[in-house]
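Thanks for asking me to look through this one with you. Below are my notes, point by point, to read alongside the structure.

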There are 2 protein chains.
Amino acid sequence: MRIGIDVGGMSFKGGIVNPEGEILYTHVESTAGLSGYLPMEEKLFILIDELLAKAKDQDWSIESIGVGVPGLADVESNLVVYCTNLGWNNVPLGTHVKARYGLPTFMDNDATVAGIAESAKGCTQGASNSVFLTLGTGVGGGIIVNGKVTSGSHNKGSEIGHMIVGENFYDCNCGNNGCLETFASATALMKDFQRRIEAGEATGLCADVDGAKSVTAKEIFDGAKVGDPAADAAVKRLAKYLGIGLANVVNMLDPEVIALGGGVSKAGDFLLNMVEPEMRKRLVFKEGKQTRLEIAQLSNDAGIIGAAMLANYK
Amino acid sequence: MRIGIDVGGMSFKGGIVNPEGEILYTHVESTAGLSGYLPMEEKLFILIDELLAKAKDQDWSIESIGVGVPGLADVESNLVVYCTNLGWNNVPLGTHVKARYGLPTFMDNDATVAGIAESAKGCTQGASNSVFLTLGTGVGGGIIVNGKVTSGSHNKGSEIGHMIVGENFYDCNCGNNGCLETFASATALMKDFQRRIEAGEATGLCADVDGAKSVTAKEIFDGAKVGDPAADAAVKRLAKYLGIGLANVVNMLDPEVIALGGGVSKAGDFLLNMVEPEMRKRLVFKEGKQTRLEIAQLSNDAGIIGAAMLANYK
């Protein structure tokens, strides 16, 4: 059995996972109101202690601890280099967990971890080459090549959300212009919809420019499904640039399958049917066997399962 | 010893290469005037026969035959799927070579093969993760992850030249708009320079619009070095988009080193000094250890050396 921990902005979710990627037990520790690393580390230890106590109780042997973080983890030094949302900078999470529990400890970015979960138990299972994209507030990526997580020589790779795919009307948080994240995230969709309403495009989703600010990505997708003009145009634009980003991934890495996860992926087949042609028409090689494009199967549990399965992908 | 064959538009170049990647003997067979696959295959056999006779003569044991092709090779079926310049379509090159000589036979795209040569004996030697870009008439790519060539699940990957990085004033041969190849190849540089002269930009490199058509990429680089206005603007645009393409590669794959080869790379440090800042400013993680950017060391011999070393990278 392995322990998997999903480090989030408001809580740490932990689970005990069997070798098949099934969750046997979960426990959550809230980190609301805490700031700085050490108070949060205390909560992390409470969480792991609880999971280990449960394992002992059940006579489960724990082989490793895996942690997915919303930032950059350095595999060699076992530091969390950045976690912007948590205010962490070069914190010794991996080192401390390993020292305290004496178990093999693995860390990686949360999008990579979610990609591992899909590979272990979701829609990319069995594929030795797969790519996972999470389309949420931002866009994150996880890349598996020859059955191993590929985060590069300095663990700075798989940032597919920051692939520059064109020019955009607003800059990305990273400081660049044209990142896939600024075209294909839920945030991007909402910003594009607001811009359209400001420009006078027709919609039934809100009364005015002020109202446009509270229209959600889900409402825009729902509007597009029933032909709302501004919503339809915004979703089509998202589909075009997501298609470009996916074509770039396929032309470069030619994975067996790409999985789309995150909030935007909840639009399901409606999204796939718009994005897939935009991707296919931009592929260099259009004949023969092709990369499949699918909606991710796991959602809330992906962080725990993927973190627990990290050991298999390193 | 291994045999490496470089399939070109006008000739087949073959060599006997030792395990250190050194060429011990070369031979060339012209294919000028030939059309169709079988007449060219005859020349290929003549070439390999000659190399094997030399090996026998010298008492060198040949372990494998590797072939680099200017197109798409399918590793599983040992077919050359496309070679547009040679008019080849699903030709059984690998199968026939293997059947005739009974030696392990490997094939791959010529850019991938040149990347392997750099990895075996050039500027990416010793790096387990590296990327090679050839900037010539077009832009080709080779990707090495964990010491192995990564061409994906259907051998359609590493087409970095067709990564879409923006919008361009002309379409790519592949049918898309915005491919890196249309910004960063020698062809792209010449087209952009011509466009500038047509628009009335100042230059000392030619007298008029007609004259602009015969200005070479090398002349444009040389002009930029001495401050020719249109040449300088064209090279800066190439550097910007090449920087975007390279940043996309680093943000995605984080290789230890990227090597730039092909005709455009002969601009050397002048090119690097313009491109590297354009790449660095677009990296998501700007601190700590970084991907190195270098000019490829091998040129004419890369095709033979890389083809011979294919066996080590599969």
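How many helices and strands does the secondary structure of chain A come to?

1. The count for chain A is 10 helices and 13 strands. Please keep in mind that this is a predicted model. The confidence scores for chain A are an average pLDDT of 95, with 100% of the residues at 70 or above. For the model, ipTM is 0.93 and pTM is 0.94.

2. On overall shape, the C-alpha trace of chain A spans about 60 × 50 × 35 Å along its principal axes. Its radius of gyration is 20 Å, which agrees with the value near 20 Å for a compact globule because chain A has 314 residues.

3. Now for the packing. In chain A, 57% of the 314 residues count as buried. Among contacts with a separation of 6 or more, 62% are between residues 24 or more positions apart.

4. As for the surface, chain A exposes about 12,000 Å², and 48% of that comes from carbon and sulfur atoms. Chain A carries 27 positive and 37 negative side chains, with the centres of the two sets 3 Å apart.

5. In chain B, have a look at helix α10, residues 302-309: 8 of its 8 residues are buried. Among them are B:Gly303, B:Ile304, B:Ile305 and B:Met309. The cover over the buried residues of α10(B) includes strands β1 (2-7), β2 (11-17), β3 (23-30) and β4 (64-69) of chain B, along with helix α3 (110-121) of that chain.

Notes. Residues numbered from 1 in each chain as written. Chains lettered and ligands numbered in written order. Predicted model: local features only at pLDDT ≥ 70, side-chain atom pairs only at ≥ 80, totals over all residues. Heavy atoms only, no water. Helix = DSSP H or I, 4+ residues; strand = E, 2+ residues; numbered from the N terminus. Rg over C-alpha atoms; globule rule 2.2 N^0.38 Å. Buried < 20%, exposed > 50% of the residue type's maximum accessible area, 1.4 Å probe, protein only. Contact = heavy atoms within 4.5 Å. Areas by Shrake-Rupley, 256 points an atom, 1.4 Å probe, with all protein chains shown as cover. Lys, Arg positive; Asp, Glu negative; His and termini not counted. Charge placed at Lys NZ, Arg CZ, Asp CG, Glu CD. pLDDT = per-residue confidence, 0-100.
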